[in-house]
Amino acid sequence: TALVDGPHHPSFWRAWARAALAAGTTLRPEATTAVVQRAERLRVTTGEQSNTSVILPAPSGADDAAGAEDAATEGLIIKLFRVLAPGRNPDVEVSVALARDGWDRVPAPVAWSTVQLPGTLEPGGAASEAADGAVASVLVDQATDGFNLFCSLAGSDDGPGSPVRERAVALARDLGATTAQMHAHLASALGTYEPVSPRALEAELRRRARWALAEVPSLGAEVPGLQAAVDALYARLGSLDHLPASTRVHGDDHLGQVLYCEPQGRWYVLDFEGEPLRPLAQRREPDQPLRDVAGMLRSFDYAAAVGKAPDPTWLPAVRAAFLAGYRSSSEGPGGEEGETVLAALELDKALYEAVYEARNRPDWSAIPRRGLKALTGAGLRG
């Protein structure tokens with residue numbers, strides 16, 4: 001007797017697609033039908049831990065010659081969630097909401113499924129809690145991972161005004177505009193919310209800073225003036241009259257969560273799950289959109305370091321271009337208020353990175369340390 005993990009077997013996905021059609025959890029019935037038709041050609045990807053992804057390639061000439069019928073023309077990818085928690089998974093909820101709102105920079109969701117969780121039965125026997133189990137989306141072909149792309153551009157940079165630098169700057173500016181569009185559609189599709197008070201956000205960030213400095217005590221010596229700079233910036237944040245409106249956000253926005261499709265000349269945003277180690281309920285809470293901006297800015301620091309940018313002007317150039325693209329397409333806060341909120345959130349992100357790298361990738365610890373020195377020495381760069 002052989003045991004086969006369900007996502008590796010065509011019958012699993014045929015049954016899954018038919019169940020989604022029967023439940024009506026589909027935006028593209030013809031593409032959901034295509035899952036049934038292509039199941040024999042599935043390919044399970046490697047490298048994921050908390051999810052399993054399966055690719056169903058688009059029909060090829062050989063398929064047509066064999067007389068295979070297919071209800072859709074695009075390649076498809078299905079993500080099966082291995083860790084389930086009660087409630088909507090943001091990767092399904094948010095991507096479906098963005099697609100319904102007309103945003104075409106998220107891979108178009110095709111179908112999704114929900115499962116009743118064991119142990120959540122009400123007295124009458126009805127299941128009281130459900131979770132999203134899987135989601136199928138259109139596969140973005142001929143696309144490059146954003147982190148790999150910017151690492152390559154950083155490493156091959158040949159200075160200001162050169163073709164490679166201009167390409168990096170243009171891509172960063174377009175990514176900033178794409179991020180602003182994402183926030184506008186998140187607000188339109190899922191609403192805006194009253195933010196916490198500036199004092200409440202200040203208190204949260206101070207608590208997180210104390211945690212980071214306790215976890216990595218050497219930061220105080222490695223980043224001169226860190227504690228004083230943290231105190232001054234967070235005090236400035238707390239003194240604001242109010243914060244911008246909160247919305248649903250990406251929650252884990254960085255260059256590894258975006259794809260650039262060269263033939264289309266556009267960015268796509270992926271993986272709206274948020275930080276996977278946080279409880280699902282927290283990942284669904286509204287937050288400051290500038291938290292996503294801060295995460296992307298920190299990601300450019302990583303691309304410069306990992307790509308070994310030979311020119312020190314590369315990083316400030318792409319950061320400035322990203323911010324210019326974001327601000328040109330965003331109705332969010334500008335001026336001193338916006339800079340203060342963004343600087344505080346980027347500092348918070350860099351402190352978190354310092355802990356993460358110390359625990360998991362000590363060889364990369366210099367990256368957040370350099371970011372902390374820049375942030376605390378000169379405020380908001382760019």
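The exercises below work through parts of a predicted model.

**Exercise 1. What span is expected for helix α1, and what span does the helix reach?**

Step 1. Helix α1 covers residues 10-23, which is 14 residues.
Step 2. At 1.5 Å a residue, the expected span is 20 Å.
Step 3. From its first C-alpha to its last, α1 reaches 20 Å, close to that expected value.
Step 4. Look just past the helix. G24 follows α1, and its phi is positive, near 80°.

**Exercise 2. Find the buried residues of α1 and say why they are on the same side of the helix.**

Step 1. The buried residues of α1 are P10, W13, R14, W16, A17 and A20.
Step 2. These residues cover an arc of only 165° around the axis, so they lie on the same side of α1.
Step 3. Turn to the other side of α1. There R18, A22 and A23 are exposed.

**Exercise 3. Describe how α1 and α2 pack: which angle, which distance, which handedness?**

Step 1. Two packed helices are described by the angle between their axes and the distance between the axes.
Step 2. Apply them. The axes of α1 and α2 come within 7 Å and cross at roughly 155°.
Step 3. Name the arrangement. Angles over 145 degrees count as roughly antiparallel, and therefore α1 is roughly antiparallel to α2.
Step 4. α1 passes α2 in a left-handed crossing.
Step 5. List the residues that meet. From α1 come W13, R14, A17, R18, A20 and L21. From α2 come P29, T32, T33, V35 and V36.

**Exercise 4. Which residues of α2 are buried, and what do they pack against?**

Step 1. In α2, the buried residues are A31, T32, A34, V35, V36 and R38.
Step 2. Their packing partners are α1, β2, β3 and β4.
Step 3. Compare with the contact list for α1 and α2. T32, V35 and V36 are buried in α2, and these residues also meet α1.

**Exercise 5. Where are Q142 and D271, and is each one buried, partly exposed or exposed?**

Step 1. Q142 is in the loop between β5 and β6 (143-145). Its phi is positive, near 50°, though Q142 is not glycine.
Step 2. D271 is in the loop between β10 (266-269) and α10 (280-283). Phi of D271 is positive too, near 55°, in a residue other than glycine.
Step 3. Recall that exposed means over 50% relative accessible area. At 64%, Q142 counts as exposed.
Step 4. D271 has a relative accessible area of 28%, so D271 is partly exposed.

Methods
Residues numbered from 1 in each chain as written. Predicted model: local features only at pLDDT ≥ 70, side-chain atom pairs only at ≥ 80, totals over all residues. Heavy atoms only, no water. Helix = DSSP H or I, 4+ residues; strand = E, 2+ residues; numbered from the N terminus. Expected span 1.5 Å × (residues − 1). Buried < 20%, exposed > 50% of the residue type's maximum accessible area, 1.4 Å probe, protein only. Arc of directions from axis to C-beta. Axes fitted to C-alpha atoms, helices over the stretch in contact; angles between N-to-C directions. Parallel < 35°, antiparallel > 145°, perpendicular 65-115°, else oblique. Left-handed = near helix turned anticlockwise from the far one by under 90°. Contact = heavy atoms within 4.5 Å.
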